[in-house]
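Subject: Structure handover

Hello,

Please have it open while you read the notes.

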Amino acid sequence: MDHYGDELTLRLSAVSDIRPLDDDETLTTFMRELVTRIGMTVIAGPLVATEGGTPEKAGKSAVVILAESHAAVHTYPHLREVLVNVFSCKPFRESDVLAEFHRLVGDFEITERSLSRRGEEWPRDLTAARQLWSGQRAAA
């Protein structure tokens with residue numbers, strides 16, 4: 001691999017079934033199933049938090065810290081929207097991520113999508129990486 005990892009960001013709109021988007025237990029289970037399907041290892045979480053307020057801003061955030069990086073979703077049931085972020089140093093398939101969301105909420109439209117290659121200059125040698133980190137901390 002010629003870069004550190006891939007970061008997938010999605011905005012899913014016109015979600016068919018919004019009920020799972022406002023349920024802590026369902027989101028916790030979903031996050032575990034999502035990371036299992038894409039072959040990642042959970043270090044911490046999932047953690048689900050509720051954001052109150054006006055319907056346009058109310059929803060849930062679910063995050064899981066992975067050995068390979070992280071996965072997060074932010075739900076807005078009243079808007080029928082989900083924002084997704086998966087970042088991993090281990091390759092994963094976008095189609096698997098989308099399949100899990102279809103299983104969770106049924107149909108949806110992908111209204112925003114970005115797949116970024118992160119860390120193209122990332123050192124492969126751990127000694128070089130430690131020197132880079134130390135140099136950046138000393139300069140700060």
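Below is what was found in it.

First, a caution: this is a predicted model.

Strand β1

Strand β1 covers residues 5–13. It is mostly covered, with 7 of its 9 residues buried. Its partner is strand β5, residues 81–88. The two strands run antiparallel, and 7 bridges join them. For a place to look, take Leu8, which stands opposite Val86 in β5.

The loop at Gly39

Helix α1 spans 24–37 and strand β2 spans 42–51. Gly39 sits in the loop between them. Its relative accessibility is 28%, so Gly39 counts as partly exposed. The cut-offs behind that are under 20% for buried and over 50% for exposed.

What does Gly39 touch, leaving aside its neighbours within four places in sequence? It is in contact with Glu68 and Lys90. Arg93 is also worth a distance check from Gly39. The two are 54 residues apart in sequence, and their C-alpha atoms are 9.8 Å apart in space.

The nonpolar patch

Ile43 belongs to strand β2. Is Ile43 buried or exposed? Ile43 counts as exposed, because its relative accessibility is 58%. Together with Val63 and Ile65, Ile43 makes a nonpolar surface patch. The area of that patch is about 240 Å².

To find your way quickly, start with the pairing of β1 and β5. Then go to Gly39 in its loop. Finish at the patch of Ile43, Val63 and Ile65.

Best wishes

Notes
Residues are numbered from 1 along each chain as its sequence is written. This is a predicted model: local features need pLDDT of at least 70, side-chain atom pairs count only at pLDDT 80 or more; totals for chains, interfaces and linings use all residues. Side-chain values use heavy atoms; hydrogens and water are left out. Helices (H or I, at least four residues) and strands (E, at least two) are DSSP runs, numbered from the N terminus. Buried means under 20% relative accessible area, exposed over 50%, partly exposed in between (1.4 Å probe, protein chains only). Contact means heavy atoms within 4.5 Å. Two strands pair if DSSP finds at least two bridges between them. Patches are made of residues with over 30% relative accessible area and no salt bridge: like charges are joined within 9 Å, nonpolar side chains (Val, Leu, Ile, Met, Phe, Trp, Tyr) within 5 Å. Accessible areas come from the Shrake-Rupley method with a 1.4 Å probe; for residues, only the protein chains shown count as cover. A salt bridge is a side-chain nitrogen of Lys or Arg within 4 Å of a carboxyl oxygen of Asp or Glu.
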